[in-house]
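Try each task yourself before you read its solution.

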Amino acid sequence: MRETHVGPKVILKRLREFMARAMDSQERLDLIVREIARNMDAEVCSFYVLRSDNMLELYATEGLNPGAVHLSELRLGQGLVGTIAATARPLNLTDARKHPAFAYLPETGEEIYSSFLGVPILRAGRTLGVLVVQNRNKRGYSDEEVEALETVAMVLAEMVAAGDLPRLTRPNVDVDMRRPFTLVGQSLNEGIGLGHIVLHEPRLVVTNLFNENSNAEIEKLTKAINSLRLSIDDMLSRSDVASEGEHREILETYRMFANDRGWIRRLEEAIKNGLTAEAAVEKVQSDTRARMVHLTDPYLRERLSDFDDLANRLLYQLMGRTRETINADLPTDSIIVARSMGAAELLDYPRERIRGLVLEDGASTSHVAIVARAMSIPVVGQVKGVVSLSENGDPVIIDGDDGKVYLRPVPDVESAFVEKARFRARKQKLYRDLRDVPANTKDGRHITLLINAGLLVDLPQLDESGAEGIGLFRTELQFMIASTFPRAHEQEKLYRNVYKEIGDKPVTFRTLDIGGDKVLPYFRSKGKEENPALGWRAIRLTLDKPALMRTQLRALLKASGGRELRVMLPMVTEVGEIYHTRKLIDREVAYLTRFGHAMPTRLKLGAMVEVPALLFQLDELMRVVDFVSVGSNDLFQFMMAIDRGNSEIAHRFDQLSAPFLRALRKIIEAGERNNTPVTLCGEMAGKPLLALALLGLGFTRISMTPSAIGPIKAMLLRLDIGDLQKALLAELEKTTTATLRSWLTIYAEANNIAL
Ligand code: PEP
Ligand code: MG
């Protein structure tokens, strides 16, 4: 083995000169490969670029037949070059022809070369091409030479990413980086967004690649790592970091990595080879990402992505970037792409610039999805691999209705979505025009349309939608997006702000509905439950934890001084639970009055009808509450014994089924008998065909997601409710079919009712 290795510093210096000089891009590539060959004592240096058709095209060569440039190509996975690209790992061989993957391309004339060293050209974990050196004799390439070639490959990666290449001449083929992708995930919030990618943890573009003074750069790196360690320690010592659970665990892992000698050594080596501190971080990060793509073990993947996050934080430190400086440059049509994201982080973005959110993780119950829904941002989750395929600023379309994401869409897809978006915008305009139109049916019956809310970000939509009030305020959302139990004064502050925001419109606060699928990471429930939806949740939990319940009731009472307070209890199963709660309320009222607090002008207590057992004690219930509200999501789940969160079986039963509608009708009749107002606040209230059924059953108050107010109002304005009620109730009595869906659809069509 010869020891003629020339450090990459010299090559990097020359590359810098070539890049600074104005010249034709092919000419520059030719110079670059010649320089690499010369410096590495190699007879051949070739540069291949991965195209969108999965072919690796020879872009430049020193030593192989120059006539093969732009003609010679290998499939991804084919030959040595294809293998390097497919595995994202280098190949260092003394006798290339003996390798099982060796493929001979006659046009290149490479059969005479024995030694072969090829490295992937990586950027953010994606393979963009391959860089190869070859020698006739059986020399071995040292580890330093491998490292040197990898460092040079990084510079080439930036050139590919910057589009600094000769133009491709084949129609419909581009370099792989610009390849369009359609990715399928899971819809977490409906809506369509067209815009440009904003990576939540953006890979900062490192433009300053070459260092002037390695020692100074190492010092810079050491400083940045030290302050990173300090900031992690600081975060860990903060009292609001939950003592158990995800958050702390992640920070502990970061801390461990920030002290990892191997990682720091690799960073320092890259600097010694001539890179700046930030370019070194990017290089090591890219290697980590490439390894991540090929890992199947979820645990290892997770650990490596923690490394990746840490590298990102380090880059931010080194480049002096902060959330504020990034927000200032945000495009006005940003579609945020993230591996995962906390709810609070989403709230840090300026809402008016966000058109969509794409997550690699994320479930419909995740906090960020809840907040995004509150902000009416289309969301697609479970989009595996989206981060590494995305580049900041790339065009993207998110289809929240279908759970699809179109990265760098082809013109046909784009124009189809532009049309779809226009159609939606026209509809939205029609709904906005209805904002101040009273929600009266054609035969003059007034329907009270209310919205469901849970966070302050929801509240502007009350006014925008023209709804009459908040029919359901889900107080648990404040708890779900926090990292510890919100203190009494924080709860009170939220409720006060709600009153302030809504003016004189009414609001119904539901007491904490946690448990089931609404888990609080900082709250340990009673061990693992077999059936959490039927378990220790909602009113069952809060009655067992009176301190929790009393704190919330006190906050509500204090915040509503001088106003009407409407409190609603979730998951009530028997009337006894109402008595119990009343006692707690009375105690709080007595306590607060004693201390001179202003009390609400009126206090109304209501129950949600969600548990089927209540259907058989409606009269008893209605005698002891001031109002009821049907939680049709849960009532349907329990009546049909169908898990509401299981998408596999979600379509099995219909909410328009006769037995379910008959149950709803019973509630209306009981309300009329007892003079008790009845509202319905499940998702069905916001779906025009289902809401049509509700109005036909006799519901006159429905509460829904704010974006549904317009479509529901448009539907009811065309409705003769007297006629519908007569027809529907008659049909419900005599029908023998399972669902009234088609009956209702035909009714709507025959009566020209827009759905
Ligand atoms: C319901 O169950 O219908 C309801 C409105 O409550 P949640 O969806 O919050 O369980
Ligand atoms: Mg419910």
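**Exercise 1.** Work out whether Asp-513 is buried or exposed, then find its salt-bridge partner.

*Solution.* Step one: Asp-513 has a relative accessible area of 0%, so it is buried (buried means under 20% relative accessible area, exposed over 50%, partly exposed in between, with a 1.4 Å probe and protein chains only). Step two: its side chain meets that of Arg-510 in a salt bridge, 3.4 Å from N to O (a salt bridge is a side-chain nitrogen of Lys or Arg within 4 Å of a carboxyl oxygen of Asp or Glu).

A quick note on the model: it's predicted, so local features need pLDDT of at least 70 and side-chain atom pairs count only at pLDDT 80 or more, while totals for chains, interfaces and linings use all residues. Residues are numbered from 1 along each chain as its sequence is written, chains are lettered from A and ligands numbered from 1 in the order in which they are written, and side-chain values use heavy atoms, leaving out hydrogens and water.

**Exercise 2.** Which residue forms a salt bridge with Arg-537?

*Solution.* Step one: the partner is Asp-634, with the closest N and O atoms 3.5 Å apart. Step two: Arg-537 sits in the loop between strand E17 (507-510) and helix H18 (538-544), and Asp-634 in helix H22, so the pair ties together parts 97 residues apart in sequence (helices, H or I with at least four residues, and strands, E with at least two, are DSSP runs numbered from the N terminus). Step three: zoom out, and both residues belong to a salt-bridge network that also links Glu-476, Arg-510, Asp-513 and Arg-644.
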